Amino acid sequence: MLCTLDNIWKYFNGEPLLKGINFTINEGERVGLVGRNGCGKTTLLSIITGNLGFDPSPENEGRLSFSGNCRIGYLEQGVGLSAECSVAEEMRKPFAELDREHERMVELEEALSGNLSDIEREKVEAEYSSVSTHFENNEGYLIDVKIKTVLNGMGFSGLDLTRSVNSLSGGERTRLSLAKLLLESPSLLILDEPTNHLDLDTMTWLEDYLLDYKGAILVVSHNRYFLDKVCTRICEIENGRLKSYSGNYSFYVKQKREDNLRQEKLYEAEQEKIKELQFFIDKNRVSATSAKAAKSKQHMLDRIVENAVEKPKMYEKSAKIRLEYDIEPPKEVFSAENVDISAGGKVLLESFSLNMRRGDKVGIIGKNGTGKTTILKTIQGINPHTKGRITWAQNVKIAYYDQKNEYLNPNNTVIEEIHHRYPRMTDYEVRSVLGSVLLTGENVFKEVGVISGGEKTKLSFALMSLKRGNFLVLDEPTNHLDISTKEVLEDALKDFIGTILFVSHDRYLLNKIADRVVEIRDGKAYEYKGNYDDYLRAREIEKADEMKAAVPSPKPIEKKQYRTKSQRAEDVRKKQEISELEKKISNLEKEISETEELICQPEIASDYQKMTELCQSLEDKKNELSELMDQWLEMQD
């Protein structure tokens, strides 16, 4: 047991958000925390991390406890980095203790090389042995390898590590925060939407990395692929209560459906029993002969009502997104031919081409920074281009979703944002549209600048439904949405009979919507038929073909030519020299292996003089082996 929550309550404005949460995280567990936006997931994380207190419960005090070895690491968006530090300095901070140990080892080595009395030498050697053993056991010699592995995996392979953190974008800082947290390796790793700002390659790397993570993981995520691959338990917060399900996200969905159906049957059966009892009581209460039986039935009814089966929460209201249009465009709606895609004076793609017909649904994927968003802006004329041709058919009406919501006025209230664009709509009509995407009550009078990312996304789709465009251009449309709203949006996009061009890292969306996938890779666009799974299969075939092509073809058999006696003698001499070299190489490799085994022995590690001699000998042998291998290669040629 790493962490236990017992009867945790949290109130906001007098109303309970969390009700009697009981929750335990064990060592090595990978727990996914799910629920609708605003259900209290991030609040629960804040309570566990100590950033937020909990409230007294109606019955008794709640309790939050941790094991003695529990060390928490919490990913907060862009938090945990020093703006004035370089990337390299930030990535080194998790290893500060090991770096101090290494500095101490250097100091001790220098002391051992000087004149010391026997007592002093023994004391220094003992300290050196202790420090070096701890340093090696904690993989101090692998620090640079670890940093490079994590930075490469998180998409920073080409980054100048001397750059200051302050010079990075918001998304880059979030990824760097996650990289630093992974290097810290806490015993309980808490992640809040870790896949935001990650491209598909980085997301896949993170999933694989977390599968091998030694500590426990608690993650809030709306990414269903991620939850399926990483998590071994799913906990859902619904109506303030937390319920745990063993298995990954797909198993949770199946189990919850079965639990709801079972509870619904129990509820209906119990309600039928209550009706029967009430009917009997009402009929026999006044009868002298059966009043006693009616009283007995009343006691039975009271016990049932007191412990009644809760009505299943299958009927929670979901968002309703309807995307329709009025004008039918021609069959050929759009084409881009050899268009240059540029941003900030930098050419991202020299030649981009794409043709779309009415009803096509094309998903664009690729690493961050490859130009996906810039493509969407360029084809709409928001960004300029200097060559190529972009053609839109007549009667095409574009509805654009921008992931940064730059076209929303942060000073308007939610209701004003729609009124200013559609002034003829009544308050009732506007609130009906907002209500369909679950923006209701006092939320409609909040300023756009203060509502959550998910609420901004819902507002943007309310505006899109009013625009009635026949060509949707979408940039990461499922970002910030909870899973249930994502599913509603996916269904709306799947049922939309118009044309869709969208950028996404959401693999569920790509599988459900796309009939073509365009990957931006190495400054070029590659087109694949089908959805995301079809794209993966095609890429596997391409990679296999590339590997086959990389293997050199066998040389053609040449016709045997006559060789002179002196040439044959020279061949024999070379073979003998090669054989001698191979013997020397084999002996050296054996000696190197034996020396390395010696160095690893505790008695050698504690003897500084012997350790120094063996390390020097090992270096000499490796240099000699390198020279012999060069000679051997030359003679083989």
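Let me start with Thr162, which counts as exposed because its relative accessibility is 62%, and the cut-off for exposed is over 50%. Keep in mind throughout that this is a predicted model. Thr162 sits in the loop that runs between helix α5, residues 143-153, and helix α6, residues 170-184. If you pick out Lys292 as well, you will find it 130 residues from Thr162 along the chain, with 88 Å between the two C-alpha atoms.

Now a residue with the opposite label. Ser335 counts as buried, because its relative accessibility is 13% and buried means under 20%. Ser335 is part of strand β10. Which residues does Ser335 touch, leaving aside those up to four places away in sequence? They are Leu354, Asn355, Arg389, Ile390 and Thr391. Ile379 is a further residue to look at: 44 positions separate Ser335 from Ile379 in sequence, and their C-alpha atoms are 9.1 Å apart in space.

That brings us to the sheet around β10. It is an open sheet of 3 strands, ordered β11-β10-β13, and the pairing is antiparallel. The edges are β11, residues 346-357, and β13, residues 389-392, each of which pairs on one side only. From one strand to the next, the twist averages 20°. Helix α11, residues 372-379, lies across β10, β11 and β13, and its direction is at about 120° to β10.

How many of the residues of β7 are buried? The count is 5 of 5, so the strand is mostly covered, given that buried means under 20% relative accessible area. Ala216, Leu218 and Val220 point one way from β7, while Ile217 and Val219 point the other way, and all are buried. Strand β3, residues 30-34, pairs with β7 in the parallel sense over 4 bridges, with Leu33 opposite Val220. Strand β6, residues 188-192, also runs parallel to β7 and is joined to β7 by 5 bridges. There, Leu189 is opposite Ile217.

Next, a helix pair. Helix α3, residues 96-112, packs with helix α4, residues 118-137, at an angle of about 150°, and the axes are 9 Å apart. Because of that angle, α3 is roughly antiparallel to α4; the cut-off for that label is over 145 degrees. The crossing of α3 past α4 is left-handed. From α3, the contact residues include Leu98, His102, Met105 and Leu108. From α4, they include Val124, Tyr128, Val131 and Phe135. What is the make-up of this contact, in nonpolar, polar and charged residues? It divides into 9 nonpolar, 3 polar and 7 charged. Among the charged residues of the contact are Glu97, Glu101 and Arg104 on α3, and Arg121, Glu125 and Glu127 on α4.

Last, helix α12, residues 414-421. Its buried residues are Val414, Ile415, Glu417, Ile418 and His419. The cover over those buried residues includes helix α13, residues 427-436, and helix α14, residues 453-467.

Methods:
Residues numbered from 1 in each chain as written. Predicted model: local features only at pLDDT ≥ 70, side-chain atom pairs only at ≥ 80, totals over all residues. Heavy atoms only, no water. Axes fitted to C-alpha atoms, helices over the stretch in contact; angles between N-to-C directions. Helix = DSSP H or I, 4+ residues; strand = E, 2+ residues; numbered from the N terminus. Parallel < 35°, antiparallel > 145°, perpendicular 65-115°, else oblique. Left-handed = near helix turned anticlockwise from the far one by under 90°. Contact = heavy atoms within 4.5 Å. Pairing = 2+ DSSP bridges. Buried < 20%, exposed > 50% of the residue type's maximum accessible area, 1.4 Å probe, protein only.
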